[in-house]
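Let's take a walk through this one, going from a stretch of one chain to the way the copies sit together. Keep the structure open as you read.

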Protein chains: 2
Amino acid sequence: MNKVSVTGIGMTAFGKKEASLKTLLMDACLEALREANFPKIDAIYIGNFMAGSLVNQEILGAIVANELGLGTVPAFKVEGACASGGIAFRQGFLNIQNGGYENVLIAGVEKMKHATTEETTRAINAAMDNDSNEILAGLTFPGFFGTVANRYFYETGASKKHLAMVALKNREYAVNNPKAQFRKPATLEEIMEARMITEPLGLFDCSPTTDGAAAVVLSKGDKGVVVRASAQASGPTQMQEAEDLLSLPAVRASAEQAYQMAGVGPEEIDVVELHDCFTMTEILSIEELGFFEKGTGWEAVAQGLTKHGGKVPVNTSGGLLSKGHPIGATGLAQIIQIVSQLHGNSCNQVDGAKIGLAQNLGGTGAYSTVHIFEGVK
Amino acid sequence: MNKVSVTGIGMTAFGKKEASLKTLLMDACLEALREANFPKIDAIYIGNFMAGSLVNQEILGAIVANELGLGTVPAFKVEGACASGGIAFRQGFLNIQNGGYENVLIAGVEKMKHATTEETTRAINAAMDNDSNEILAGLTFPGFFGTVANRYFYETGASKKHLAMVALKNREYAVNNPKAQFRKPATLEEIMEARMITEPLGLFDCSPTTDGAAAVVLSKGDKGVVVRASAQASGPTQMQEAEDLLSLPAVRASAEQAYQMAGVGPEEIDVVELHDCFTMTEILSIEELGFFEKGTGWEAVAQGLTKHGGKVPVNTSGGLLSKGHPIGATGLAQIIQIVSQLHGNSCNQVDGAKIGLAQNLGGTGAYSTVHIFEGVK
C-alpha cells in the first residue's frame with residue numbers, strides 16, 4: 001500500500017460570491033495545483049451536492065479537466081449530501097493508496113446564495129429520504145436537529161446556553177480566519193437572544209448557506225501532510241429508523257475505523273475539524289468521535305475543553321457555523337484547515353499540532369467520513 | 001491485482017413506471033444480490049444523473065444501505081451525466097482490483113417520465129457546460145447531434161436513410177427484449193417520415209426519456225463473467241472546443257486504454273453495447289471504437305455489418321433508442337446485456353459470444369467509459 005500525502009491546497013473565501021460556480025471551482029483548483037507545483041494529474045474527483053438543482057450544472061469533473069487543459073483524465077462528481085467533499089477525498093486517497101495513480105485533484109464546490117430560501121430548503125431536503133412519512137409530515141434539517149437538541153436537554157441537563165457556547169467558540173475562531181463568511185464578533189447574549197429557527201435552535205445555532213470552493217492535490221509518497229487514515233460509514237436515512245436520537249452511528253463507525261487504521265486514539269489528536277452543521281451536531285460529534293463520554297459533551301464545552309488550552313481545539317476555522325457551509329466544498333475545507341494546522345501556518349494555530357482529524361457528515365447522519373493526518377516530520 | 005467478475009445482475013423493465021425511484025432501485029438491487037447469493041457487500045456505488053433536480057432525492061447510496069440492511073457500508077452516488085452508470089461500475093471495479101474489497105454493489109437509476117418536457121430538457125442540459133456562449137444561444141442535445149449529423153452527411157455522403165437504418169436495427173432487437181421500452185415493430189419508411197426533432201434527426205433518431213434501474217454485483221475472483229478491462233476518459237464539454245465535430249475523443253481514448261488493458265483488439269470483440277443516445281452517435285461510436293474506419297460507419301450500417309451475421313452485432317438489447325435510456329441506469333443496463341450475451345442466455349443471443357464490450361457516453365462527449373468482458377470458460 002502506497003503512502004498518500006496532501007501536496008497542495010486551495011480555497012476561495014466563503015460567503016456570497018458574484019463569481020460563477022465554474023470560476024469558484026477553477027480558482028480553488030488552480031491554487032491547489034500551483035502549490036503542488038502542477039504535477040501530472042491522473043484523476044479528478046469533484047464533491048458537489050446541489051449544482052444540478054440550484055445551478056443546473058453537472059459534469060463538473062469534465063469541466064475542470066477541460067478548463068485546466070488536463071486532457072482525457074478520468075473525472076466524475078461524487079454526491080454524498082454534505083459529506084460529498086469527504087467522500088470525494090477518500091476515493092482519490094484509495095486510488096493512490098491501492099492503485100496506480102501518482103497525483104489526483106479533488107475539489108468541492110457549491111453555489112447557493114443566489115437561490116431563494118424555498119429553493120434552498122427544498123434542495124437540502126434531498127439529503128433526507130423523501131419516500132418516507134416524516135418528510136410528508138414536514139420534517140426539515142433544523143427540525144431534525146432541534147428535536148435532537150430537545151431530547152439531549154431532557155436526557156443530560158444541558159440547555160440552550162451550551163449550544164450558544166459552541167456557536168460563540170466557533171465565531172471567535174472565525175474572526176481570525178480571513179476566508180470565513182462571518183467574522184463579526186458576537187456575544188453569548190446576542191447568540192442566546194437571536195431569532196428562533198426551530199426551538200431550541202436560534203439563528204447562530206444553524207450553519208448558513210454559502211458560496212465557495214476548496215481543492216486538494218493528493219500525491220503518492222510522504223512529502224506533504226500524510227493521510228494516516230481514511231474511513232467512511234453509512235447511517236440511518238430516516239429519523240424513525242434511528243435506534244437512539246442522540247447517536248450518530250455513522251460518525252462512531254467511521255471514527256473507530258479511522259483510529260484503527262491510523263493506530264492512534266482520540267487522546268493523540270491535537271486538533272479537530274468536525275461537522276457543526278448545527279451547534280447540537282458539534283456536541284454529539286465530540287462524543288461520537290471519542291473525545292468525551294456520551295452525554296457529557298455539553299459539560300466539556302462549558303469547561304472550555306474544545307478550545308485552545310483545553311483537551312482538543314475543535315473547529316479552529318470557525319466551523320460550518322461561522323466559516324460557512326458551501327456543501328460540496330465543506331469536507332475539503334475542513335481538511336485544508338487541518339493541513340494548515342499541521343503545517344503550522346493556520347489561523348488560530350494550535351502550537352505543536354502533529355496529528356489532526358477531519359470529520360464530515362452527510363444528511364441527518366446518512367454518511368460520515370473521518371480522515372486523520374500527520375504533519376511533515 | 002485481483003481478478004474481478006460479475007456475479008449478479010438485476011434490472012427493472014424500462015419505460016414509464018408508477019413505482020417510486022426508491023422502489024425501482026431496490027428491485028434491481030435485490031435481483032442482483034439474489035443472483036450473487038447475497039454476499040457480504042463492502043461498498044455501494046450508485047450511478048444517477050438527475051434525481052436531485054427531477055425527484056428531489058439524493059443520498060441514494062445510504063438509502064440502499066439502509067433499505068437492504070447492509071449496515072454502515074460505505075456508499076455514495078457517482079454523477080457523470082449519461083455515463084454515471086459506467087463510471088460507478090469502474091469505481092467498484094478499481095476498489096476490488098486494487099483494494100481490499102471482496103464484493104460491491106453497483107446500481108443505477110433514473111425517474112424521468114413524470115416530469116414535463118421543459119423540466120427534462122433543462123435537467124439534461126446540465127450535462128453541457130452552461131457557463132458558455134453556445135448554451136446562451138440555445139444549444140440542446142438534439143441540436144448538438146443534429147449539427148454533427150449534417151456535418152457527417154456533408155463530409156461522407158451519408159444521408160438520413162443511414163440514420164434510419166440504425167434506428168430500425170435497434171428497434172428490431174428491442175422487439176425481442178422483454179424489458180425494452182419500445183417493442184412495437186417499425187418500418188424504415190415510418191422511421192424516415194417520423195416527426196422531426198432537430199433537422200435531420202426525427203423522433204426515432206433520438207433516445208427517449210425512461211424510468212428504470214439496473215444493478216450489478218462485482219466480486220473478487222473469476223467465478224462470473226470476468227472484467228478484462230475498465231477504462232475511462234474525458235473529452236470536450238463545449239461544441240466550440242471540439243477539434244473536429246465528427247470525433248468523440250473520450251470514446252477513442254477510453255477504447256484504446258481498454259483494448260490495451262484487455263490485450264485484445266476490436267476484431268476479437270463478439271458483441272457490443274454502445275451509447276446510441278442518437279442514431280448519429282452510434283455511427284460515430286462504431287468508428288471511434290475501432291470497428292470501422294473513420295467516415296465509413298454509415299457504409300457498415302448499410303451493409304448490415306453491425307447486425308447478427310455481420311462483423312459485430314451492436315446494441316442487441318435495442319440500445320438506448322429502443323430499450324430506453326433511464327440515464328443513471330444506462331451504463332449498467334449495457335453491461336447487463338453484455339453479461340447475458342456471455343452467459344449465452346440473452347435476447348438476440350449472439351452464438352458463441354466470448355468477448356463483449358460496453359461503451360457509455362456522458363454529455364456531448366464529456367465522458368466515456370469502455371468495459372471489456374470475457375465469458376465463463
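This is a predicted model: local features need pLDDT of at least 70, side-chain atom pairs count only at pLDDT 80 or more; totals for chains, interfaces and linings use all residues.

Now hop over to chain B and look for Thr364(B), which sits in the loop between strand 10 (355-362) and strand 11 (367-374). Is Thr364(B) buried or exposed? Its relative accessibility is 7%, and the cut-off for buried is under 20%, so Thr364(B) counts as buried. Leaving out residues up to four places away in sequence, Thr364(B) touches a set of residues that includes Phe144(B), Phe145(B), Pro236(B) and Leu248(B).

The chain A residues Phe144(A) and Phe145(A) bring us to the aromatics. Over all chains, the structure holds 8 aromatic pairs. The ring centres of Phe144(A) and Phe145(A) are 4.9 Å apart with the planes at 75°, so this pair is edge-to-face. Both are tucked away: Phe144(A) counts as buried at 6% relative accessibility, and Phe145(A) does too, at 0%. Another edge-to-face pair is Tyr45(B) with Phe76(B), at 5.4 Å centre to centre and 80° between the planes. This pair links distant parts of the chain, 31 residues apart, with Tyr45(B) in strand 2 (residues 43-47) and Phe76(B) in strand 3 (residues 75-79) of chain B. Tyr45(B) and Phe76(B) are both buried.

On to the helices. Helix 3 (residues 60-67) of chain A is mostly covered, with 6 of its 8 residues buried; among them are Leu60(A), Ile63(A) and Val64(A). After helix 3 of chain A comes Gly69(A), which has a positive phi, near 65°.

For a helix pair, go to chain B, where helix 4 (residues 84-97) and helix 14 (residues 327-343) pack at about 65°, their axes 5 Å apart. Helix 4 of chain B contributes Ser84(B), Gly85(B), Gly86(B) and Phe89(B) to the contact, while helix 14 of chain B brings Gly328(B), Gly331(B), Leu332(B) and Ile335(B). Of the residues in this contact, 3 are nonpolar, 5 polar and none charged.

Finally, how do the chains relate? A 180° rotation with 0.0 Å of shift along its axis puts chain A onto chain B, with an RMSD of 0.0 Å. That is the relation of a two-fold axis. Both copies use the same surface, as 100% of chain A's contact residues recur in chain B.

Key. Residues are numbered from 1 along each chain as its sequence is written. Chains are lettered from A and ligands numbered from 1 in the order in which they are written. Side-chain values use heavy atoms; hydrogens and water are left out. Helices (H or I, at least four residues) and strands (E, at least two) are DSSP runs, numbered from the N terminus. Buried means under 20% relative accessible area, exposed over 50%, partly exposed in between (1.4 Å probe, protein chains only). Contact means heavy atoms within 4.5 Å. Axes are lines fitted to C-alpha atoms, for helices over the stretch in contact, and angles run from 0 to 180 degrees between N-to-C directions. Ala, Val, Leu, Ile, Met, Phe, Trp, Tyr, Cys and Pro count as nonpolar, Asp, Glu, Lys and Arg as charged, and the others, Gly among them, as polar. Copies are superposed by least squares on the C-alpha atoms of residues with pLDDT of at least 70 in both. Rings of Phe, Tyr and Trp (its six-membered ring) pair if their centres lie within 6.5 Å; planes under 30 degrees apart count as stacked, over 60 as edge-to-face and the rest as tilted.
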